[in-house]
Each structure stands twice: as structure tokens, then as C-alpha cells.
Amino acid sequence: MEKNKSRVFGFWEKASCGEDLYLNESSKSGFETQSNERYRLEPYILPFADFNSAKNKTVLEIGVGLGADHQKFAESGAILTGLDLTPRAIENSIARFKLFNLESSLFVGDAENMKFKDNSFDEVYSWGVIHHSPNTSKAVSEIFRVLVPGGEAKIMIYHKWSLIGLMLWLRYALLRFRPFTSLEFIYSEYLESPGTKAYSKKEAKELFCNFSEVNIQTVLTHGDLLESDAGQRHKGIFIDIARKLWPRSLIKKILPNAGLFMLIKAIK
């Protein structure tokens, strides 16, 4: 397990999510450009996170990355704590907060073994992070533990039955004459850091079974719709052709739930 975590650490310590694509410099304008691009590509973050509702609440974000969402929470008046596995992410977020004169308690730490006391936070937020953890169920248990009774977790994890999953399977399984390769293996080896996982809605409900109320929705992403340069690890002529021919309007109409992002709101 520790070996797996070291591989995850090594992957994200090289560059926080989106750093190589959207952050041209660690300046106010650089971070603003990164935020604008983030919310242009992923507009569903804003209604899901509902940053303004966090005013005067104690909020923990797990996986601060470049700090865009963390900044939104701070600007909305949250009493804020941030955690990330990598020093790089924490350094990026500290630099960002200094530039914008914002406050947060930022720590390098492990979502599977958090140092916070029981019942510490009104809200725990995490966007696309805990599916990289070798023991995601342990991370969910920790989220439950540190939430106050009645507190809310807002968590995005990857959805197994997504178009991105299908595209990766076609490329790395079917076209390599390995049709019996599992989606679990495909996500683990070819989507972001080693060991990345994706869940069905049923599996997600099982992960969050200790919560009193769980609401789940999936959304089509810019990756599923081939609308961005994200995922350029998978460059090639086939993806170039697919970007030009991809029937986005039809997909939105007939496969609205076949997106990679699974948005979970859970009440303790």
C-alpha cells in the first residue's frame, strides 16, 4: 500500500493537476488565468461547491492542488483548512493566498490518516482526489469522522461507466487485441496517477453507506466530449480525428449520464 502511495505522490509532486496546462506563471494574472480556464471547462464546479454557502463555516478541502477552489472558499468567508499529499500543491496554494491576501491553514497530509479531531468541520470538500488514494474507503471513513453531525461532504470521484473509460478501453485494450482487459486496469494504468479508480453509482453508495443521506449525479466532462487539450498523454492521429468527428450534440442528448465526473453530496 505504501509503495502505491509513493507512486501517487511521485506523479502529483511533478505537477499539480492542471499546472502544466493552465498555469503559465505563479503571479496574480497567472492564477486568475488558471481559475478562468478551470471554471470555463468545468462550470459544474460552481453550483456543486456553492462556495457562498460556506460563509462562517469550518471547511476542509482535501487535495487543494493549485488552490483555485480553495481561493473561492476563502473569498466566500469560510474558516478554511486545506490538505494535500504533496508539498508542491501546498507551496502553490500558499503562494496563491499570499498574492491575494487570503487566509487558510494549509498542511501536507494524507487523506487516509488525517490528524484532525473528530467532529472538526462543518463541510469537507474534495474535487477529483480520493479516487487516487490507494485506500479510498479509508479516506471516506476519515471524511465521515472529521465532519460534525449533520455536516456535509461534497466529493467528486470518477465514474466507471464513462465515455472516457470507453475511449481508453478501445485504445489500450481492444486495439491492442486485449478485449478482456478490465476497466479497473484501464483506469489504474492509463488515467492520471498510477492506481486511479472509478466507481459505479452502486459502488459509490457503498463507499458512503455510513452517511445518513447521499445524493449522486454524473456529468459529461470536456474530456468525454473531446472539447479540450486535457488528456494529451493520449495524443495520436485517432484522437485528432475523433475530436473533429465527435457527435457532441447527440452524446449530450442520448448519453447525458455517461460522464467521468461523479458528484456526491453526503450528509453525516
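K5 and E112 form a salt bridge, with 2.9 Å between the closest N and O atoms. K5 lies in helix α1 and E112 in the loop between β3 and β4, so the pair ties together parts that are 107 residues apart in sequence. Please keep in mind that this is a predicted model. K5 counts as buried at 9% relative accessibility, and E112 is buried as well, at 4%.

By the rule applied here, the count comes to nine salt bridges. Another of them joins K154 to E123, where the closest N and O atoms are 3.8 Å apart. This pair links strand β5, which holds K154, with strand β4, which holds E123, across 31 residues. K154 is buried, with a relative accessible area of 2%, and E123 counts as buried at 2%.

Next, K160 forms a salt bridge with E184, at 3.0 Å between the closest N and O atoms. K160 is in the loop between β5 and α8 and E184 in helix α9, so parts 24 residues apart in sequence are tied together. Is E184 buried or partly exposed? At 45% relative accessibility, E184 counts as partly exposed, whereas K160 is buried at 8%.

I turn now to the helices. The axes of α5 and α6 come within 10 Å and cross at roughly 40 degrees, which makes α5 oblique to α6. The crossing is right-handed.

Finally, the surface. I237, F238, I241 and L245 form a nonpolar patch with about 490 Å² of accessible area together. I241, in helix α11, is partly exposed at 41% relative accessible area.

Technical notes
Residues are numbered from 1 along each chain as its sequence is written. This is a predicted model: local features need pLDDT of at least 70, side-chain atom pairs count only at pLDDT 80 or more; totals for chains, interfaces and linings use all residues. Side-chain values use heavy atoms; hydrogens and water are left out. Patches are made of residues with over 30% relative accessible area and no salt bridge: like charges are joined within 9 Å, nonpolar side chains (Val, Leu, Ile, Met, Phe, Trp, Tyr) within 5 Å. Accessible areas come from the Shrake-Rupley method with a 1.4 Å probe; for residues, only the protein chains shown count as cover. A salt bridge is a side-chain nitrogen of Lys or Arg within 4 Å of a carboxyl oxygen of Asp or Glu. Helices (H or I, at least four residues) and strands (E, at least two) are DSSP runs, numbered from the N terminus. Buried means under 20% relative accessible area, exposed over 50%, partly exposed in between (1.4 Å probe, protein chains only). Axes are lines fitted to C-alpha atoms, for helices over the stretch in contact, and angles run from 0 to 180 degrees between N-to-C directions. Angles under 35 degrees count as roughly parallel, over 145 as roughly antiparallel, 65 to 115 as roughly perpendicular and the rest as oblique. A crossing is left-handed if the near helix is turned anticlockwise from the far one by less than a right angle, and right-handed if clockwise.
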